[in-house]
Amino acid sequence: MEDDELITLFQAIGLKEQRAKDTVKNKKLALALQNTISEAGFTRSGCDKSIGDLLYTLASTVSKDASPHLGYLARAISDNRLTSSDQVTAAIKFAETANEEINDEEFNRACGVGVVVTPDQITAAIASHLEANKDALISERYKLLGPLLAQARQIPELRWSNGVAVKNELEKQVIAIIGPKDERDVTVKGKKKDKEPKSTSVSNQKISTPPVESKKNSIPNMFLEGELSKLHKPGGNKQIKPELMEQHLKATGGKVLTRFPPEPNGFLHIGHAKAINVNFGYAKAHNGLCYLRYDDTNPEAEEERYFDSIRETVEWLGFTPWKITYSSDHFDKLYELAVELIKRDKAYACSCTPEEMHEMRGGDNGGERKECVHRNRPIEESLAEFQKMKEGRYKESEVTLRMKMDMQSGNPQFWDLVAYRVLYTPHHRTGDKWCIYPTYDYTHCLCDSFENISHSLCTLEFRMSRESYYWLCDALEVYKP
């Protein structure tokens, strides 16, 4: 379909005009949504907005493992078997491990098809939940409201209940137990700590709970309803090897672990404020922990004043990092894994110029994509070239290490991204030790893995990076956040 036709189609399922236009700009999502609408049988007729929203949720969140069953899932929505986004999420999870043919009975049971949770059942479940936590509620008062709501959403009897109804019932019963908010619940601004949290790398380290550091008494609803409330619990993200998750949960004790990972190349702006609040806030809402990790892989642009300013900004917004770490903490391990990636024939040394790479990726006009002539060079040759890069035997931009991904993918984040480049700039922490530095696309997911991050929360410009992020973790068979 042409873009105008797609916009009309997307509006026919309830998307507003601007959202339809934005969706069309994302070619991968546009194709997925078009296919989903077709499988659901609404290409000609359109559908109600409530159904259209679920089709959009399916198209935008269906995983690679679940996509072979896209038609079945789309029809389950059009047949009104799946009537909520929670059910769609559960359906995708189910499809990821399903056989070629999905068993209707097993699917219905796993996705809560036909399950109705009555108001009386919600009232009874919440009453039991609060009774079990009554002493803590009386002591902690409204600062416990957020965690109690998060826990309530995990109560088996409420699995398929209306989230708003659960929230309203819990708040009503909390007021009945401790009364409305009063002077005891007024937020007190904490004093600034004099001592900086110690920089620590925690790969394979047991996670322990730090002393309570926040003085804020309530959790914003954004973490307990809407999209953020639907994220998986720690342990729910599928791994290429089951033992990777076992090791992760052993190290973290099942805690939520997030991170705010700015590049220290400038002062923070309002968008960073959102990222800070989401990462620190989501961890807080689930009694978890959040790192401040400086993504310091580009010594050409980084300055000490930015490191100081970033930390001050985080604290000014009311958060204290559990640990302050640096991507450069992991330079040795990142290098070792780059060597391993070459040995697995998943990376190669490339002598193309940036301009030649651009043309091979389709150029300015989005033309035919071509594989690099160095892509299939012998593994031993790439290993030798990478060693020469490390020894400083090449000029900047003369040779790079690229990941061997999929040049024909519709996702630009699969077009053999650069993993390492030569830079003759001293690093503020490692000095002259390195003349090669890892790129963001290579470093980010691996540092998340090393630090046992349970939820890697990123802003929307990184949406297309999700698949390449997963690809690299799986290619190296490391824990995948």
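Biologist: What is the bridge partner of V422 in β7?
Modeller: In this predicted model, V422 has I436 of β7 as its bridge partner.

Biologist: And what makes β6 and β7 a pair?
Modeller: Two strands pair if at least two bridges are found between them. β6 and strand β7 (residues 436-438) have three bridges, so they count as paired, in the antiparallel sense.

Biologist: How do you know that β5 pairs with β6?
Modeller: By the same test! Strand β5 (residues 400-403) is joined to β6 by three bridges, and the two run antiparallel. At least two are needed, so β5 and β6 pair. One place to look is R402, whose bridge partner in β6 is V418.

Biologist: Why is strand β6 called largely enclosed?
Modeller: Buried means under 20% relative accessible area. Five of the five residues of β6 (residues 418-422) are buried, so the rest of the structure largely encloses this strand.

Biologist: Why is helix α18 described as largely enclosed too?
Modeller: Nine of the eleven residues of α18 (residues 440-450) are buried, so that helix is also largely enclosed by the rest of the structure. Among them are Y442, H444, C445 and F450. After α18 comes N452, with a positive phi near 60 degrees.

Biologist: Why is K27 called exposed?
Modeller: The cut-off for exposed is over 50%. K27, in helix α3 (residues 27-40), has a relative accessible area of 51%, so K27 is exposed.

Definitions and conventions
Residues numbered from 1 in each chain as written. Predicted model: local features only at pLDDT ≥ 70, side-chain atom pairs only at ≥ 80, totals over all residues. Heavy atoms only, no water. Helix = DSSP H or I, 4+ residues; strand = E, 2+ residues; numbered from the N terminus. Buried < 20%, exposed > 50% of the residue type's maximum accessible area, 1.4 Å probe, protein only.
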